Each structure stands twice: as structure tokens, then as C-alpha cells.
Amino acid sequence: MTDVAPARPAAPSVPDFTPLNRHRLIAPGPVEVAPDVLAQLARPQMHHRAPEGIEKLMEARAQLAQLLGDPYDAVITTTSGTGAFEGALVSTTPPGAKVVNAQAGKFSERWGEMARRFGYDTQIVARPWGEVLDPQEVADAARDAHTLLITHSETSTGALHDLEAIAKAAKAHNPDLIVIADCITSYGVAELRPAAWGVDVIVSGSQKGTATPPGLGFVLFSPEVQTRMIKDTPHGFYLDMTRELAGQKAGNTPQTPAINLIYALSTALERLTAVPLEVLWAEQRRKTDALIAAGTALGAPAWAARTSPAVAVLTPPASLTGRQVAAQLAAMGQRALPGQAPHEDTVFRVSTMGYADRYDALGIAGILEDAFAALGHRFERGVAVQAAWQALK
């Protein structure tokens, strides 16, 4: 008698109307970009050394400082946020110095690996993914360190670490400590007060909260840390931020910048700086809370205990995986993300960073209902949208 393999369950069908859907970026970067920002990229090619190019560079730098809320000096790099972080590290930390890396997720782990490759005396303070860092544990490790590397909003887990408590505790033990913060998904999104908190360097990138296409990194230096920056760092030439900062303060760039993207960035920043920072932060918090409430109503609660306003990292019901949810959303034209390895099946990630408002959050709640229904998950229709509405009040 021939054995017959059990039939595989049929894949969820894609609704007939799906080709009519507007494709959306609902992932935590790259994000949706406003039409007027994209239009800047269609301008006739401008020259970065022309007076108007210099003026636009200076305008964008001033807007970046305004979005931070503190009088830090901005450097715009033609890199991703990783390149900007590398430039910040090698331009403030001498060879062989002790560097403490506090990590609890994929992206915070990156900075420890970067420091190790450059030959720094690297010490790791780690917590499991999804948990938050303990301020006293980090401060104890940094007592005799030169530099602390920390991530504010961990995009892989959805956790918002208490940067204020960590930086203050570390500086209380070690006033000379330089704190470099990865704020790639918290800058322009979450409450961030580096001068009051004792954070010396802020790093971010264009494709996140500033709602600009990928290609620009930002490093914002406090006035105090600028006096300690390294001249002619042996670890960088293109990413020598000491040289770059001096040039950009004078309206110059040692290398050719992505001037088209800088024009687009300045336009995007006009929208973000049109309201007080507290309004901007509160609305982003409400939008992400709406996504978390929608997920919770569907049986997909947040993974992190202290959630970031940049991204909703949700744990799917036991019958589903993060990859299944992300794949179903993609089949519907909605680009979300599963978890980062090794947690691709543990969570899925959705976001309203970028050119999105509270009504987009409601739309995503409805999209999640359709995706979960297509995957065979049983729930009462409308619960996710109603939960999102309540969070937005």
C-alpha cells in the first residue's frame, strides 16, 4: 500500500481588490515621503558650491538643530545612519580607549561590533532582546570608560531605553564620559533632551523620523564635546567629523555632498518644525500607541515592556508567525517587516514614522484586520480599529 503524504493547508487567498490597493511603506524605515519632498529631487541639478547650495546646507543644518531643541552643531553626511555613527565614534574616541556598549537588540549590537573592529577596549553590557537596559548596570560598567555607546530606540525590539536615566547615572560616576547615542529612530520622534540628560553626540539618518529618502546621516555634537574631538583621526578620512564639522560651519563640505537630498531634507524639516517639539512627540506617541492597541485587540501585543513611539513591534498569536504576517501584508501591497534574525518569527513590525498622520494609523489598524482574517485568525471585526481610535483620543 502506498503512503499518501498529508495535504498541505491552502495558502490564504489574496482578495480580488488587492491590485487596487495603494502600496504603502508601513515598515520602520525607509518611510513614506511627502510629494513636495520628492519634488525637490526632480529639480534641475544644483551645485553644492553655488551660493544657493551653500545657503541650503546651512538652512538644513539649522533645521536639524531646531528639531533637536538644543544648540548642538549638525553635520550632514552622505551615508546611512551607520556611517554617521562610525564617524562620530572615530572622531571622538582615541585608539585603544575603553568603550562600553550597552545593547539589547540587533542595532545596539552593531555598535559593539564596530568598536571591536576598530581595536577599542570594548566592554559589553547586554540584556535580552525586548528588555530595557538597567541604568545602574550601564553606569557601573562605564566608571572608567572613555565613551559609552547606547541606542535610544531599538528598532529591532520596539523598546525605548531610558536614555535620560542611563546618561545621568553614567555621568554621575564619570563626568568626563562621552555618551554617543544612536537616535536613528528616536530623533524627531521621541522626547529627546540631550543637553539636560548629558548626551554628547546624537546620531540619526534621513530615512526615519525626518521622512526623507535614504542617503543622509546626521551627527549632532554638543558644544562641550567639540573641544575634545580628534584632529586627523587615524580611523577615518571620509568620516573625519572634526574636519567635516569645521567645513560645514563655514558653509563648506570637504567632500561632495548629496545636495539634492539636502534640498529634499530641508523641505521635509519644514513640516516637522512647524509645531512645538512637544506636540510632534506626543502625536507620534499616540500614533504608535494606536498600532499597539490595534495589535493587542487582535491578540498581538507589544513585545517590549517600555515601547518606542517609532515602531510597533508586535507578537503574533500562537497560530501565526512574524514572517507569515509580514508576508500577508506584502501580498496586500503593504510593506511591513518581520523580526530581525534570529527573531523573524517572534514578531512583526509596523510603523507610522515619516509622512503619515493619525488617520494612517487607523488605516493600518484596518489593514491588520484584513491580514489576520486572510490568515484564518478569528476575531470580531472592527476591534482593532476601535482600539486604535481609543488610543488616539
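How many residues apart are Lys168 and Glu164 in helix H6? They are 4 residues apart in helix H6 (residues 163-173), and are therefore separated by about one helical turn. Helices (H or I, at least four residues) and strands (E, at least two) are DSSP runs, numbered from the N terminus.

The model is predicted: local features need pLDDT of at least 70, side-chain atom pairs count only at pLDDT 80 or more, and totals for chains, interfaces and linings use all residues. Residues are numbered from 1 along each chain as its sequence is written, and side-chain values use heavy atoms, with hydrogens and water left out.

**Salt bridges**

Side chains of opposite charge can pair when their charged atoms come close. A salt bridge is here a side-chain nitrogen of Lys or Arg within 4 Å of a carboxyl oxygen of Asp or Glu. By this criterion, the whole structure contains 19 salt bridges.

| Pair | N to O distance |
|---|---|
| Lys168 and Glu164 | 2.9 Å |
| Glu59 and Lys56 | 3.1 Å |
| Asp73 and Arg61 | 3.7 Å |

Accessibility is classed as buried (under 20% relative accessible area), exposed (over 50%) or partly exposed (in between), with a 1.4 Å probe and protein chains only.

Glu59 and Lys56 both belong to helix H2 (residues 51-68), where they lie 3 residues apart, about one turn of the helix. Glu59 is partly exposed at 29% relative accessibility, whereas Lys56 is buried at 17%.

Asp73 forms a salt bridge with Arg61. This pair links distant parts of the chain, with Asp73 in strand S2 (residues 73-77) and Arg61 in helix H2, 12 residues apart. Asp73 is partly exposed, with a relative accessible area of 23%, while Arg61 is buried at 7% relative accessibility. Arg61 and Asp73 also join Lys249 in a network of salt bridges.

**Nonpolar cores**

A nonpolar core is a set of buried Ala, Val, Leu, Ile, Met, Phe, Trp, Tyr and Cys residues joined through side-chain atoms within 4.5 Å. The largest one has 49 residues, and Leu64, Ile76, Tyr187 and Leu220 have the most contacts inside it. Helix H10 (residues 259-272) gives the most to this core, with 7 residues. Another core, of 28 residues, lies apart from it and includes Ala290, Ile292, Ile364 and Phe372.

Contact means heavy atoms within 4.5 Å. Not counting residues up to four places away in sequence, Tyr187 touches residues including Leu64, Leu67, Leu68, Phe218 and Leu220.
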